[in-house]
Amino acid sequence: MSRNAESTAFRSALEVIRAVEPRVADAIGAELTDQRESLKLIASENYASPATLLAMGNWFSDKYAEGTVGRRFYAGCQNVDTVEALAAEHARELFGAPHAYVQPHSGIDANLVAFWAVLADRVESPALKKAQVRQVNDLTEADWFALRRELGNQRMLGMSLDAGGHLTHGFRPNISGKMFDQRSYGTDPATGLIDYDRVAEAAREFKPLILVGGYSAYPRKVNFRILREIADSVGATFMVDMAHFAGLVAGKVFTGDFDPVPHAHIVTTTTHKSLRGPRGGMVLCQPELADQVDRGCPMVLGGPLPHVMAAKAVALAEARRPDFADYAQRIVDNAQALAEGLLSRGATLVTGGTDNHLVLIDVSGYELTGRQAEQALLDSGIVTNRNSVPQDPNGAWYTSGIRIGTPALTTRGLGAAEMDQTAELIHTVLTQTTAGANADGTPSKAKYNLDAGLADKVARHATDLLATYPLYPGIDLT
Ligand code: PLP
C-alpha cells in the first residue's frame, strides 16, 4: 500500500468515528502519538502492519460463526470460511504444522483450548469408550459425576513463575491452577538455565498428564527435543506455549531442537507479540488432537472473531515473506546488542545474556526493586515492565527485575548502535535512581528518587533516538 493510501485510510476512519464520538477518535490519535514517542521495550508488544490493522476494522466483526470451516452452527459463513481457512493455511505452512486452529481470542484462550483438548482426548474419550456411549449427554449421572472428578484431578508440570513461566501454566490465580494439580520446574540457581535432569526427575516423581514448555521471561533457547523425551518417558502430553517467541520460530531463528512444532503434541501462541499480528491466539497440533482442538468453540471460547481471523491471515501471510526471517534475526541481534551494552556498563542480567528477544535485568544490583526501576524508566520515556527474577526476594508485585524486549524497536528499524545507546540511557536512569522511604522512615519498595531534570534529559535523548525511525511513516493524521 502506498503511504498516501495508508494516510487516507486511517484519516477517513477517524473522521467517521469522530462524527459519532469524537473522544474515541481523539484517544486513537493520541495513542499513535504516544506509541511514536516512547521507547517501547515491552517484550510482549509490537507494531502490527497497517494492512493487519485495517483487516480488523470492518463488518466481519458483525458475523457469528460458531463451528469451524464448512461446519458452522450459523448460516451465511462463506466469507468467514474463506478468511479462517486462509489464516489456518498460512499458519500450517509457516510453522510446518499438521493442523492449525486460529480462533482463540488470546493466548490465555489458546492455552485453555489446548488443556481441554488434551483432557478430552486423554480423560473424557476413554471414559466414553468404557461406558460405551458416544457423547457426555449419554452418560449416567453416576458416570458423569465420576468423569467430572477425574477431569478435575489431573496433573501439570510447567516452568515456575519466577523462572519465567506464565500464570496460565497451572498457577493458582489463573483458572489453570484451579483445574490442575500443578508442580513447577525452576532453573539452576548458579546459571539461571533450565536443568533438564531436574525436569526429568520432577516428571518421574510427579507423573504429569501434561508437561508444559514455554515462557514469558526466560532469556534463553529451550531444547524442546529433550523436553519431549522427558514427556514420553512418563507418558505425558507435551505442550509448548510459544506466545513470546513465535516470531523467532516463524523467522527460522529457532530451528531443530529449538523449534517446538515438530517436537510437541500441541503448541499454543499469541499472534501479537514477536509474530507481529493482531491481538489473538492460535493452536497448532498433531493430527490426533485436531478434532478436539477444533471444538475450542463452544468448549471454552465464545464465537470466533472473524475480523481478527482476517487480520491473522494478513499477518501470517506477511510472516511467510522472506523479509520476516531478516526481521526475526534482527530481533535477536538487537537483544544481544542491548545485553552487551548493559553488561559492559556493569548491569547484572539473568543467565548473563540472551539468545532470544528478551533481556532480564536483575535491578537489585542497583539497590532498587523492579517496581522502582520500572517507574523511574517510565519517567524517562522508556517503557518496560517489572518482572520476577529466579528466587525473587521481592515477590511477584514489587519484583527485582526489569524485562526488556526488542521486537517493537526492531520493527521501527533500530539496530545495534541504537541498542547500545538505549543501554546507556537505561543504565543512566538506574544508577541515578535511589530507593525512597515510607512516611515512618522505613525503606519503601515502591517509592524512589530521581532528579526530574535528569529524567527529562533522558526522555529527550530517547525521542532523538526514535526520530530517525518514525513509527508508521506512511500514516499522517494531521
Ligand atoms: N502465554 C504466555 C507465555 C504469555 O507470555 C502470555 C501473555 O503475556 C499469554 C500466554 C497470554 O496471552 P494473552 O494476554 O493474549 O491472553
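Student: Which residue in β14 stands opposite Asn 387?

Tutor: Strands of a sheet pair through backbone hydrogen bonds, either parallel or antiparallel. In this structure, Asn 387 stands opposite Gly 401 in β14, and strand β14, residues 401–405, pairs with β13 in the antiparallel sense over three bridges. Two strands count as paired if DSSP finds at least two bridges between them, while the strands themselves (E, at least two residues) and the helices (H or I, at least four residues) are DSSP runs numbered from the N terminus. Please keep in mind that this is a predicted model, in which local features need pLDDT of at least 70, side-chain atom pairs count only at pLDDT 80 or more, and totals for chains, interfaces and linings use all residues. Residues are numbered from 1 along each chain as its sequence is written, and side-chain values use heavy atoms, with hydrogens and water left out.

Student: What is the order of the strands in the open sheet that has antiparallel pairing?

Tutor: The order of this three-strand sheet is β11-β14-β13. β11 (358–362) and β13 (385–387) each have a single partner strand and stand at the edges, so one side of each is left without a neighbour in the sheet.

Student: By how many degrees are neighbouring strands of this sheet turned against each other on average?

Tutor: The average is 35 degrees, with direction ignored; the axes are lines fitted to C-alpha atoms, for helices over the stretch in contact, and angles in general run from 0 to 180 degrees between N-to-C directions.

Student: How many of the residues of strand β7 are buried?

Tutor: Buried means under 20% relative accessible area, against over 50% for exposed and in between for partly exposed, with a 1.4 Å probe and protein chains only. Strand β7, which spans residues 210–214, has five of its five residues buried. Both of its faces are covered, with Ile 210, Val 212 and Gly 214 on one side and Leu 211 and Gly 213 on the other.

Student: Which strand is joined to β7 by five bridges?

Tutor: That strand is β8, residues 237–241, and the two run parallel; within this pair, Val 212 stands opposite Met 239 in β8. Between β7 and β8 the chain passes through helix α9 (residues 224–233) in a right-handed β-α-β crossover, where right-handed means that, with the strands pointing away from the viewer, the path from the first strand over the helix to the second runs clockwise. Strand β5, residues 154–159, also pairs with β7 in the parallel sense, over two bridges, and Leu 157 has Leu 211 in β7 as its bridge partner.
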